[in-house]
Amino acid sequence: QENDLMFGDREYLISSLPSEYAGSNWIRTAAESKSFIDPTLVTFTVTADVDVLIAHDDRILIKPDWLTSAWTDTGNDMTDDLTVTYSIFTRSYTAGSVVSLGPNGQTGSCICYSIIVK
């Protein structure tokens, strides 16, 4: 929701969010996970058919391969209270799928992505 915390390790708030994502489940990442460089940063299993969305920092001009090769840019954005804009990417998963997400794609002058499950 707007005005909710975005990250587990920072006090950044969501300032604008497209209405179709309001009320969705979120996985709150750590902003400092931006420095993680191994191939897999996050894994989780979905128990229903879902769309997983990644809100990815627009200051990262070259998006990571794992994101650009299998995800679709929705054309929607969200912003935080520091006026950082995040492009929202989506990918559909069926019940029982394991979702595996890679590193942020940049380690400085940015923030790690947020995860929405709808």
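I began with the side chains of Glu-32 and Arg-10, which meet in a salt bridge at 2.2 Å, N to O, the term standing for a side-chain nitrogen of Lys or Arg within 4 Å of a carboxyl oxygen of Asp or Glu. Glu-32 lies in the loop between β2 (25–27) and β3 (42–45) and Arg-10 in the segment before β1 (14–16), so this pair ties together parts that are 22 residues apart in sequence; the strands are DSSP runs (E, at least two residues), numbered from the N terminus.

I noted that the model is predicted, that local features need pLDDT of at least 70 and side-chain atom pairs count only at pLDDT 80 or more, while totals for chains, interfaces and linings use all residues. Residues are numbered from 1 along each chain as its sequence is written, and side-chain values use heavy atoms, with hydrogens and water left out.

I then looked up accessibility (buried is under 20% relative accessible area, exposed over 50%, partly exposed in between, with a 1.4 Å probe and protein chains only). Glu-32 is partly exposed at 37%, and Arg-10 is partly exposed at 24%.

Next I checked Lys-34, which forms a salt bridge with Glu-32, the closest N and O atoms being 3.9 Å apart; Lys-34 is buried, at 13% relative accessible area.

I turned to Asp-58 and Lys-63, whose side chains meet in a salt bridge at 3.9 Å, N to O. Here Asp-58 is partly exposed at 28%, whereas Lys-63 is buried at 16%.

Key
Helix = DSSP H or I, 4+ residues; strand = E, 2+ residues; numbered from the N terminus.
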